[in-house]
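Hello,

Here is the structure I promised to pass on to you. Have a look at it first, and then read on for what I found.

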Protein chains: 2
Amino acid sequence: MTVAKKITINDVALAAGVSVSTVSLVLSGKGRISHATGERVNDAIEKLGFVRNRQAVSLRGGQSGVIGLMVRDLSSPFYAELTAGLSEALEAQDRMLFLTQCGGDGARSERCLSTLLSQGVDGVIIAGGAADTGATLRELAAARGVPLLYASRASYLDDADIIRPDNMQAAQLVTEHLIRRGHQRIAWLGGRSSSLTRAERLGGYCATLLQYGLPFNSDWVIECESSQKQAAEAIGTLLRRNPTISAVLCHNNTIAMGAWFGLMRGGRQGGEGGMESYYDRQVALAAFADVPEAALDDLPVTWVTTPAREIGHTLAGRMLQRINDDEGAPRQQIIPARLVPQR
Amino acid sequence: MTVAKKITINDVALAAGVSVSTVSLVLSGKGRISHATGERVNDAIEKLGFVRNRQAVSLRGGQSGVIGLMVRDLSSPFYAELTAGLSEALEAQDRMLFLTQCGGDGARSERCLSTLLSQGVDGVIIAGGAADTGATLRELAAARGVPLLYASRASYLDDADIIRPDNMQAAQLVTEHLIRRGHQRIAWLGGRSSSLTRAERLGGYCATLLQYGLPFNSDWVIECESSQKQAAEAIGTLLRRNPTISAVLCHNNTIAMGAWFGLMRGGRQGGEGGMESYYDRQVALAAFADVPEAALDDLPVTWVTTPAREIGHTLAGRMLQRINDDEGAPRQQIIPARLVPQR
DNA sequence: TTGAAAGCGATACCAT
DNA sequence: ATGGTATCGCTTTCAA
């Protein structure tokens with residue numbers, strides 16, 4: 001493959017019959033350039049197909065126009081959606097995204113950040129993970145004067161600039177919705193007790209129940225892996241033991257689907273005492289969803305969605321602020337969830 | 001925020017009492033450096049927390065260590081998974097990913113590529129989309145001597161270096177599986193007739209049927225939006241009109257889920273003539289899946305999965321080849337699908 | 001309004 | 001085995 005000689009501002013300057021300084025001024029729109037000269041330079045740029053070398057710009061001290069993103073795992077719908085939103089918003093600002101997957105690993109996170117910095121990013125966003133090595137990472141970034149932003153599903157970092165979903169509000173929203181629909185006995189299904197997100201949501205659920213003078217029964221809060229099979233079994237057991245439960249709040253969409261299958265099966269089997277009763281009574285399902293609204297499963301379920309894409313947009317906006325005028329005060333931005341009532 | 005002065009090789013050289021050339025040689029492991037000097041330099045690097053500026057390297061003519069990725073839409077599970085795999089494999093090679101979302105838009109694609117090139121990427125991968133502007137894009141990349149690789153869900157580019165899933169084989173695989181399980185009358189549900197992926201899959205399905213001497217009936221191939229509701233209705237209509245059908249092949253997981261609901265509902269409603277018959281006969285479902293195996297829905301369905309992550313890995317490997325020794329011959333690499341029999 | 005020249009950080013050739 | 005230095009493409013004073 002023959003590599004055409006790269007076009008530089010020198011070539012442009014030559015073609016336009018001006019100096020490189022002039023070309024640079026035209027490019028950046030600074031300095032007062034006569035209209036005629038501007039025209040000629042732009043023509044030359046057009047004709048030669050010149051594209052400005054950002055690395056040289058950045059080396060000289062300018063911005064690279066690149067934001068680094070460290071994401072725990074891109075294949076998770078939540079982070080994929082967040083990343084898509086972030087990339088979208090950045091591109092609208094003529095910036096780009098540098099992507100790394102840092103996993104949960106601390107040492108790996110440091111290497112990732114180092115790489116990002118060595119590439120001259122204007123800022124770094126850490127989405128999920130890297131909670132433990134927070135201090136080291138922040139020192140690294142601070143030493144380079146690069147703004148660091150966090151996006152997280154739960155609020156484990158109090159003193160950092162962070163954007164996150166409002167898990168508590170989400171739980172309150174959906175719990176209140178169920179109550180308004182007449183449910184008095186609402187159970188919880190799914191998630192591991194070690195999950196911070198779950199803890200926050202449970203807080204909102206619990207608070208709302210008490211606020212409405214309804215019973216909060218810890219036997220009605222069931223831990224469960226995110227597996228349809230396990231959820232289906234778990235809801236069966238739950239309802240058999242507690243036949244008065246009229247609504248179940250599911251930790252995520254997998255749980256919701258499993259729960260629904262569980263209800264179907266229970267109803268279908270029929271004639272087994274308690275089993276058919278709750279189907280006939282139409283136990284209501286509600287669930288938290290990780291996916292964008294358009295991708296919600298078509299189940300008879302009320303969803304609460306965390307607007308991951310919106311979080312991405314917000315991150316882009318906040319990063320722009322940080323880059324332009326570094327208001328040092330760490331700040332928390334909390335993005336509310338939306339309710340999608342059962343259709 | 002106080003920005004610590006950036007550490008350069010000059011600082012390292014000073015600290016180690018050697019020249020910058022020596023530091024550079026130690027960094028790149030070229031030239032013969034005495035062990036003692038090497039030690040001293042590395043100590044200084046460690047002590048000062050020096051990180052090499054890749055922009056300067058790249059400006060001087062070295063590699064940037066960055067691969068550009070233009071992806072149609074990151075929030076689609078297939079591309080998210082592909083991107084995750086690619087990023088994973090690249091990081092193992094000490095390279096990074098530059099991400100852009102180019103949508104389907106031609107002009108936008110050109111701008112994306114331009115930006116990538118201006119950032120000094122060592123190579124570019126286009127995943128989905130940008131089919132129409134192929135020629136322009138390739139010229140742009142070629143002019144800069146940057147290798148261009150395609151990843152696509154269907155084979156619309158014959159003369160390019162491309163990696164893609166084997167849609168035909170996938171369809172053959174699953175169709176054959178159904179036949180071996182004793183199904184003779186297999187219908188197709190889902191997808192739009194304008195979809196290239198679907199066309200290729202239909203080809204495999206059709207070929208396999210004929211190969212086994214089974215009837216291929218175009219009335220049994222149903223177009224359908226990827227919506228659970230529509231799929232549920234469509235399968236109902238299909239089976240009512242063609243009660244002899246014993247298996248249905250679904251274009252994706254949404255269709256599969258809808259189809260399954262359709263079967264459930266049909267079975268449940270009972271007593272409506274044809275409606276109950278097909279439920280009792282246990283119509284088998286099989287489906288193509290976009291998601292990784294671990295994320296498959298827990299349905300009584302036989303899945304064929306396109307290994308998106310593997311495609312990502314393969315892309316990384318091929319890109320490495322292209323960067324190192326540019327064997328110009330465009331080459332197609334076709335990644336086979338895997339069967340996940342109904343559990 | 002425009003041009004000349006210094007310098008950003010790293011590399012590699014040419015000396016020593 | 002090391003050191004000096006021109007160079008990559010661009011921005012930015014300082015002069016003209």
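Predicted model: local features only at pLDDT ≥ 70, side-chain atom pairs only at ≥ 80, totals over all residues.

As for where A:Gln119 sits, you will find it in the loop of chain A between α6 (106–118) and β3 (123–127). A:Gln119 has a relative accessible area of 7%, and because the cut-off for buried is under 20%, it counts as buried. One of its contacts is polar: a polar atom of the A:Gln119 side chain lies 3.0 Å from the backbone oxygen of B:Ser64.

Next, the DNA. There are 22 residues around DNA strand C, and those that come nearest are A:Thr22, A:Thr37, A:Arg60, B:Ile9 and B:Arg60. Of the atoms of DNA strand C that come within 4 Å of the protein, 65% belong to sugar and phosphate. The bases are reached as well: in A:Ser21, a side-chain N or O atom is 3.0 Å from a base nitrogen of DNA strand C. On the phosphate side, B:Ile9 uses its backbone, with an N or O atom 2.6 Å from a phosphate oxygen of DNA strand C.

Which elements give two or more residues to the surface near DNA strand C? They are α2 (20–28) and α4 (54–60) of chain A, and α2 (20–28) and α4 (54–60) of chain B. The most comes from α4(B), which gives three residues. By type, the residues of this surface are eight nonpolar, nine polar and five charged.

Last, a strand in chain B that I think you will enjoy. Strand β9 (residues 284–289) of chain B is largely enclosed by the rest of the structure, because six of its six residues are buried. B:Ala284, B:Ala286 and B:Phe288 point one way from β9(B), while B:Leu285, B:Ala287 and B:Ala289 point the other way.

β9(B) also has strand partners. It runs parallel to strand β8 (residues 247–250) of chain B, and four bridges join the two; here B:Ala247 stands opposite B:Ala284. Five bridges join β9(B) to strand β10 (residues 301–305) of chain B, also in parallel, and B:Thr302 in β10(B) is the bridge partner of B:Ala286.

Best wishes

Definitions and conventions:
Residues numbered from 1 in each chain as written. Chains lettered and ligands numbered in written order. Heavy atoms only, no water. Buried < 20%, exposed > 50% of the residue type's maximum accessible area, 1.4 Å probe, protein only. Polar contact = N/O pair within 3.5 Å; in protein donor to acceptor, adjacent residues only side chain to side chain. Near = heavy atom within 4 Å. Nonpolar A, V, L, I, M, F, W, Y, C, P; charged D, E, K, R; others polar. Pairing = 2+ DSSP bridges.
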